[in-house]
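Please read it alongside the sequence and the coordinates.

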Amino acid sequence: MTSSQNYQFAGHDTVALAQQYGTPLYVVSEDIIRHRCQMIRSEFLDKHPGSRAAYASKAFLSMAMCKIIQSEGLCLDVVSGGELYTAREAGFPMERVIFHGNNKSMEELTMAVEWKVGRIVVDHPEEITLLEAIASEENRCVDIQIRIVPEVEGETHRHIMTGQKDSKFGIPLVPEIIEKAVQSALAAPHINLKGFHFHLGSNLFQQEIYVEAVEKVLQLCQQLKEKLGFEVEEINAGGGYGIRYTEKDKPHPPSWYTDAIMETVIKRSRELKLKQPTVTIEPGRWIIGEAGITLYTIGAIKEIPEVRTYASVDGGLPDNVRPALYDAQYDAIVANKADQEKTETVTIAGKCCETGDILIYDLKAPPLQRGDTLAVLSTGAYGESMANNYNRLPRPATVLLTGNEARLMIRRETFEDLLRREREADVE
Ligand SMILES: Cc1ncc(COP(=O)(O)O)c(C=O)c1O
């Protein structure tokens, strides 16, 4: 049964979706994803020939997602053998894959070389030696970028800051260390050094930090040109563009970031007498975050007089670890009461045995009852991809909305799925 008073997402009645597929349920809109990819194309790629945009697949990945990204002409950023395997099984063109990771295993590096991925982003100097050994064995040349730490701090939760000096990612901005890494890449016969990569962090709403990082990288390039004769071809400026989780957030279109980046690249490479490098960006959250919601069913409601009212849902920390991991804030709508006045203040709790399993503090909502459907908004990024089975909760299904159609993209886990690895082991 559908009702126009129910909360509609991408033209679909969310209460009807919850009834049809059960809850918790991830709902993802293909139309929104494609619209966002097209914005990146018209605002960045079309304006700057040679530029690339890679969707950061850690935000949300499935084979169907790979196909959407492929058909929109974007590249794909992967950080593990599992993400790379998913892309390959989906038929994603390997030359459009960028392979990251601060501790890639030999197996992962070998996969990447054998499968001919487009770029490997080297995270530490030793990786150059490992890659040269693998590539020479395979008798092929590997295109790499070197990840550097630009020592630029974004305003975001410290767990998702990556541009600062004290980071586990990338090569420190110390001239001798970088020069040594560049020299070893230039000396390696099976390595083709294309340029540098940086990623400042996630959910960033500042333009100036990208400009500052680009400026530092270009200065580095000029020093390397003078000292080693190395001409940079590519700069990869990572992702991190912020989205709207709650009404406090004021997100920007991609051009707000990329225009500032490109302006600096064009102006400064001219001033520093460098050949203008091409630029790659890697947004994840900005493409998928607002394209997804999660539907839950309200269960137990507990009122503590003069303290707060808890309304518990049938999921929580296992399907969305972000609030517990980095105090992420969300907004939500009571989907079957979308037209009712928000007279109450409730705290939305998950069902796990963890005090920290709270999805939203102090949500304004109409009076709640067991059985109501709650839609938590902007959960497309780092929800499903970070999902786990804590308390042995089966992971939710994901439904893909395309126009008027709703189709199962990832099926719900069963209790038997939870036991499968044990059933296939030796100890009962
Ligand atoms: C190297 C790299 N690129 C891109 C991203 C995507 O970040 P976001 O989803 O915030 O755009 C990340 C996120 O961790 C990353 O580590």
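D327 is exposed, because its relative accessible area is 56% (exposed means over 50%, buried under 20%, and partly exposed in between, with a 1.4 Å probe and protein chains only). This residue has a positive phi of about 50° although it is not a glycine, and D327 sits in the loop between α11 (322–326) and β14 (332–334), where helices (H or I, at least four residues) and strands (E, at least two) are DSSP runs numbered from the N terminus. The model is predicted, so local features need pLDDT of at least 70 and side-chain atom pairs count only at pLDDT 80 or more, while totals for chains, interfaces and linings use all residues. Residues are numbered from 1 along each chain as its sequence is written, and side-chain values use heavy atoms, with hydrogens and water left out.

D362, also not a glycine, has a positive phi near 55°; D362 belongs to strand β16 and counts as partly exposed at 45% relative accessibility. The peptide bond from T23 to P24 is cis, with omega near -10°, and P24 is in the loop between α1 (14–21) and β3 (25–29).

## A buried aspartate

D372, in the loop between β16 (358–365) and β17 (373–376), counts as buried at 3% relative accessibility. Its side chain makes a polar contact of 2.8 Å with the side chain of N336 and another of 2.8 Å with that of K337; a polar contact is a pair of N or O atoms within 3.5 Å, and within protein one must be able to donate a hydrogen and the other to accept it, while residues adjacent in sequence count only if both atoms are side-chain atoms.

Beyond its neighbours within four places in sequence, D372 is in contact (heavy atoms within 4.5 Å) with residues including Y296, I298, V334 and P367.

## Packing of α8 and α9

The axes of helix α8 (residues 208–228) and helix α9 (residues 254–271) come within 9 Å and cross at roughly 25°, the axes being lines fitted to C-alpha atoms over the stretch in contact, with angles from 0 to 180 degrees between N-to-C directions. The pair is therefore roughly parallel, a term for angles under 35 degrees.

The contact is made by Y210, V211, V214, E215, L218 and Q219 of α8 and by Y257, A260, I261, T264, V265, R268 and S269 of α9.

Technical notes:
Angles under 35 degrees count as roughly parallel, over 145 as roughly antiparallel, 65 to 115 as roughly perpendicular and the rest as oblique.
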